[in-house]
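Dear colleague,

Please find below the structure that I am handing over to you.

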Amino acid sequence: MLYDWTSTAALGVVRDIQPKEPLTLTGEGLWVCLISSGRCTASLADASPSPAGSALILPPQSAAAGHLVLSRAPLTLTPEGESHLLCIQLTGQAAVQFLAGLTELPFLARGETCPAAAELLGRLAAEADTPRSRAASQLAFALLCELAGADSAAPPLPPLVEAAIEDIRQNYAGLYGVEELSERLGVSKSHLVRTFTAAVGVPPGRYLTTVRVEAAMRLLLHREYTLDVIASLCGFSGANYLCRVFKKETGQSPAQWRALAGQTARPLSPAESQREQALYI
């Protein structure tokens, strides 16, 4: 074989189900779920940062029949009464790039903005027994192309929250905290925290931390950057504080995450382990 088409787009798991209990989808890649009947609530079971980018993690969203749910895992779909779901996992480079481009997670898409998606999902489900076939990869790529034009079905955020998110994403490295953010936006800190938390599901300080950790993840992919440099570029007071926050948010130290993200999957060297332990003291 001259080219492995599954490296671009491939079919993973297929779930065609009428759930009675909450369904949690796991695994790598992009999950595309069609609500063909009924209604369900979509939420990320784990709202920790993702190296895919600084996507806004939404609170649980209710979606009716005809909507599509696009997200990374672990995605939980909770039925609101009787419902039918067709959920398909897409992997490969194109799926990863698509996921990185989502501005909010879970992303609720209006089905009428990508009318061919339902048919493509049905055809992909028929390929469940031969997921690595060329036909399955072609259908997976075609589905991604169709979904590229989908519009969000999530309700718009209040203008104050949109402004806060834009400020955080642009200025996270130099932003001292929520108090400075509220001053820049011309509102009280308590009003900003209350409005932001009600719309997003987490307070602005938590969201700022998430954006900073995601920025650190991207910089960790470049081994020439030391932890001190990464801390400086992401708004942390130093490598010590970066390591503590990163470990708390991701469950891994920066060096462990860097090794796994680089697909080396190697244990830390004695020198790296000593450096990591010193930073936590």
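In what follows, two strands are said to pair if DSSP finds at least two bridges between them. The model is a predicted one.

On that basis, strand E4 (residues 39-44) and strand E6 (residues 61-64) pair in the antiparallel sense, with 4 bridges between them. Within this pairing, Ala42 has Gln61 of E6 as its bridge partner. E4 also runs antiparallel to strand E8 (residues 75-79), to which 5 bridges join it. Here Ser43 stands opposite Thr76 of E8.

How many of the 6 residues of E4 are buried? The number is 5, so strand E4 is largely enclosed by the rest of the structure.

The cysteines deserve a separate remark. A disulfide is counted where two cysteine sulfur atoms lie within 2.5 Å, and by this rule the count comes to 0. Cys33 is in no disulfide, and the nearest cysteine sulfur to it, that of Cys87, is 3.2 Å away. Likewise, Cys87 is in no disulfide, its nearest cysteine sulfur being that of Cys33 at 3.2 Å.

Are these two residues buried or exposed? Cys33 has a relative accessibility of 1% and therefore counts as buried. Cys87, at 0% relative accessibility, counts as buried too.

Yours sincerely

Conventions:
Residues numbered from 1 in each chain as written. Predicted model: local features only at pLDDT ≥ 70, side-chain atom pairs only at ≥ 80, totals over all residues. Heavy atoms only, no water. Buried < 20%, exposed > 50% of the residue type's maximum accessible area, 1.4 Å probe, protein only. Helix = DSSP H or I, 4+ residues; strand = E, 2+ residues; numbered from the N terminus.
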